[in-house]
Amino acid sequence: GDYAREPTPFHRTYRRLFPVILELAVDPEPVTKQLFSSLAYQLARWFTRNQAREAAETVALLDAITEGLAGGDAPGSGAADGAAARRRELCASLAAECLEWSVRHLPSGGGGGDQGGAAVNVKSILRRLFALMTHPEPSKRLGASVALRRSLAALRNFPAQCEAHALEILEAALRGLRLVENDPPRAGAEEAGALLARAAVRACARHAGALGRRPAAGALERGGAFGTLQGLVAWLFADGVARAESRARLESQFAFAALVQRLPGYTTPAAWFDERRRAAEKENADRASWWPFRVVAPASNERARAFFAPPPRAADGSPVDRTGVLLAGASWLKSLVAALHWARWALERRVVRAEDLAPRPGEEDDPAHPLAAAAAFLREGGAPALDELPLRDDEDAVRKQSSGASSRAVREWRRARVKASVQILVLAQHVASDAKTIEGAASFLGALERGGDGAGLARLACAAVLAPETL
């Protein structure tokens, strides 16, 4: 058995040999590629026989595969890019092969139901891939996403293993998508992460009946922070469907809509929401812990006004550096855009009603409430005089210095203003035109105009149609 076998000194040689084999397996020369790629798959099957403990030789192979997934060539380097992509594809397939054969080597024939735990290599492989999913470098997240998607396909033939890891894979995919906002263009991690999230949602939906219950005695322990599908759905609603990161928000909304109706006892998303709200009220839970319709409030009203129209000069007339204010304002506006986008999506999906979104007594002027924040935007956020700010990096240094803000900060701030304007208009139009929410439309639209002259929406609509450049 594994415990009886002593570690061999060969693992030191393997650590130098396995990376070379993987390089030759993606060699452009066909004979070399065919010979060593076949050898690589044979090695994956052979070195995953251990079940009781991690063997040093197996760890050497998994380390080589992980390094291959992580890439290493700079984007845009031509032929090197192609070699990195071929190596990543091979290592993704080898990771799935290692995972499948680790399960096949189980004495129970792959299910693992009577073993009280998964194969040690399954945990080791997934642990490495999950670590790459939260790495700041997009090439590492890209490789891990491809490998996990192929691993999910391989685990489909082993229902007990798929049930044990589907929730954790979906959680890892969505957490990885929260990092793609700052990736360079065409990095690939965003698309690969989204494909992985969709595949994990399908896996969770296939096993929804079992995942809706706690694991039976002797069954495989489920990984991740959520032991059941109910816990995952509650997390998606509280911390996923209204996130400021666009792709993570969209995929969380897709996952929530697909899985909430698979929960036992709920036929519609609205039924789940009503039950969740009643439970929170009964427990006297903090609303921020489960309610996604909120924004990060500015520190003060003066700070909020600075977000809308940063002052060009200080009180003494000297230029001021507005970069920090503009970036903070853009971040706040992105939070508002995310909340308003979720509100429109939730209304379209019949998850909530318009009256559910209207401010409760005492929240009318709360800057953390999205409608109060949108009302402040309509009052204070008229088209500011920022024409003197640079929009291009190649403008003269004198103009950059006089503007007191970097061109990147200005672009992000203006882009966020336009998105906020669009979301306010689209949400107001949806509420006003939906006959099923007409009883809540008055209070909803009234909250948007609170504190103003009642013409904020009209001015915004006119600006969007007649002078969109002023947004």
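Predicted model: local features only at pLDDT ≥ 70, side-chain atom pairs only at ≥ 80, totals over all residues.
**Entry 1: the largest pocket**

I looked up the largest pocket to start, and it holds about 490 Å³ of space. I then listed its lining, which comes to 16 residues; E181, A244, S246, K334 and K419 are the closest to the centre. The elements that give two or more residues to this lining are α11 (246-260), α14 (323-348) and α18 (407-433). I noted that α18 gives the most, with five residues. I sorted the lining by residue kind and got ten charged, four nonpolar and two polar.

**Entry 2: the chain as a whole**

I looked up the secondary structure next: the protein chain has 20 helices and zero strands. The chain has 471 residues, and 49% of them count as buried. For contacts with a separation of 6 or more, I found that 70% are between residues 24 or more positions apart.

**Entry 3: helix α3**

I picked helix α3, which covers residues 56-69 and has 14 residues. From its first C-alpha to its last I read 20 Å, close to the 20 Å expected at 1.5 Å a residue. I then checked its cover: eleven of the 14 residues are buried, and α3 is mostly covered. The buried ones are E57, T58, V59, A60, L61, L62, A64, I65, T66, G68 and L69. I also looked just after α3, where G71 takes a positive phi of about 80 degrees.

**Entry 4: S145**

I looked up S145 and found it in helix α6, residues 138-155. Is S145 buried or exposed? Its relative accessibility is 1%, so S145 counts as buried. Which residues touch S145, leaving aside its neighbours within four places in sequence? I listed M133, A192, G193 and L196 as its contacts.

**Entry 5: R287**

I turned to a loop residue last. Where is R287 found? R287 is in the loop between α12 (269-283) and α13 (301-308). The relative accessible area of R287 is 19%. Buried means under 20%, so R287 is buried. I left aside the neighbours of R287 within four places in sequence and noted contacts with D356, R360 and E363.

How values were computed. Residues numbered from 1 in each chain as written. Heavy atoms only, no water. Helix = DSSP H or I, 4+ residues; strand = E, 2+ residues; numbered from the N terminus. Buried < 20%, exposed > 50% of the residue type's maximum accessible area, 1.4 Å probe, protein only. Contact = heavy atoms within 4.5 Å. 1 Å grid on protein atoms, 1.4 Å probe; cavity = no way out; pocket = protein on both sides within 12 Å on 5 of 7 lines; lining within 4 Å. Points joined across faces, edges and corners; volume = space filled by probe spheres on them. Nonpolar A, V, L, I, M, F, W, Y, C, P; charged D, E, K, R; others polar. Expected span 1.5 Å × (residues − 1).
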